[in-house]
Amino acid sequence: MSRDIVVRENDVLLVVDIQNDFCPDGALAVPHGDEVVPIVNRLAGRFRHVVLTQDWHPPDHGSFASLHPGRKPFDVIEVAYGPQILWPDHCVQGTVGAEFRADFDVPQAQLIIRKGFRREVDSYSAFRENDHRTPTGLAGYLRERGLTRVFVAGLAFDFCVRYSAEDAYAHGLEVVVIEDACRGIDVDGSVEATRRQLAELDIKVIQSGEVLPK
Ligand SMILES: [Zn+2]
């Protein structure tokens, strides 16, 4: 049975965090993260509407292990909104690590959502910060523009892609995750947990070759 999906006028491609720090040699490298770049470049040409996210932290961001004496990256601490994984310093505002990859070539993107700029709250999702309350504004943007189906691609599959997809679903949007256009970090089985959660929510997970231009 064909799982092909033909792109419609009210579809948007949401490309998550294709930044130097999330690619090999970056501060928080996602294994093989660079491999998604040519896939996303091709994919973006099939959409009328493309939105990007950019992880964008102040130098003293609370998710950085370096701010917590005695802690190291990937330790989990309790903060006001629940458990928070500590990360290596990454995607600091204005640094090369926070820039989009040089070979990421999607100049037609219409909006860049920057997230994680509040010192005290991390933000994985393109829609809401990790306190699950503070909106990024993306839901309102999509609503005003009448964009109702969101295709998600980028880094990392098991964090920012996952929570963006879940929040899109929670906002009543139709959601499709393009699996081969994502790569995961896999902290304590987080890739498998992501697959389970997406399946539970009935979020479609497809391959980029199954997304057909109109
Ligand atoms: Zn971050």
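Here, buried means under 20% relative accessible area and exposed means over 50%, with partly exposed in between (1.4 Å probe, protein chains only). The structure is a predicted model, so local features need pLDDT of at least 70, side-chain atom pairs count only at pLDDT 80 or more, and totals for chains, interfaces and linings use all residues. Residues are numbered from 1 along each chain as its sequence is written, and side-chain values use heavy atoms, with hydrogens and water left out.

The sheet makes a handy starting point. Helices (H or I, at least four residues) and strands (E, at least two) are DSSP runs, numbered from the N terminus, and two strands pair if DSSP finds at least two bridges between them. On that basis, 6 strands line up as β6-β3-β2-β7-β8-β9 in an open sheet with parallel pairing. The edges go to β6 (111-115) and β9 (204-206); each has a single partner strand, so one side of each is left without a neighbour in the sheet. From one strand to the next, the twist averages 25°; angles run from 0 to 180 degrees between N-to-C directions, with axes being lines fitted to C-alpha atoms, for helices over the stretch in contact. Strand β3 (residues 50-55) runs parallel to β6 and is joined to it by 5 bridges, and leucine 52 sits opposite isoleucine 112 of β6.

Helix α2 (residues 138-145), for its part, lies across β2, β3, β6 and β7 and runs at about 160° to β6.

Leu138, Ala139 and Leu142 are buried. Seen down the helix axis, the buried residues of α2 fall within an arc of 100°, so they line one face of the helix; the arc is that of the directions from the helix axis to the C-beta atoms. These buried residues pack against β2, β3, β6 and β7, while Arg143 and Glu144 are exposed on the other side of α2. Just past the helix comes glycine 146, with a positive phi of about 70°.

Helix α4 (190-200) can be read in much the same terms. Its buried residues are Ser190, Val191, Thr194 and Leu198, and they cover an arc of only 100° around the axis, which puts them on the same side of α4. The cover over them includes α3, β8 and β9. Over on the other side of α4, Arg196, Ala199 and Glu200 are exposed. Aspartate 202 follows α4 and has a positive phi, near 65°.

Next, the interior. A nonpolar core is a set of buried Ala, Val, Leu, Ile, Met, Phe, Trp, Tyr and Cys residues joined through side-chain atoms within 4.5 Å. The largest one holds 65 residues, of which Leu13, Leu14, Phe104, Phe127, Val152 and Val177 touch the most other members. Two or more residues each come from β2, α1, β3, α2, β7, α3 (157-170), β8 and α4. Leaving out residues up to four places away in sequence, valine 152 touches Leu14, Val16, Val161, Ala165, Val175, Val176, Val177, Ile178 and Cys182.

Then there is the zinc ion. Donors are N, O and S atoms within 2.8 Å of the metal (3.2 Å for Na, K and Ca), and water is not among the atoms, so sites may look incomplete. The protein donors are Asp55 (OD), His57 (NE2) and His90 (NE2), lying 2.0 to 2.1 Å from the zinc ion, and they follow the spacing D-x1-H-x32-H along the chain. Aspartate 55 is buried at 3% relative accessibility, and histidine 57 is buried too, with a relative accessible area of 0%. Histidine 57 belongs to the loop between β3 and β4; its contacts, not counting residues up to four places away in sequence, are Phe64, His90, Cys91, Val92, Gln93, Lys115, Gly116 and Asp122.

Strands β4 (residues 76-79) and β5 (residues 82-85) pair in the antiparallel sense over 4 bridges, forming a hairpin with 2 residues between them. Isoleucine 77 has glutamine 84 of β5 as its bridge partner. In the loop between β2 and α1 lies aspartate 25, exposed at 85% relative accessibility. Aspartate 25 and arginine 48 are 23 residues apart in sequence and 32 Å apart in space, C-alpha to C-alpha.

Terms used: Contact = heavy atoms within 4.5 Å.
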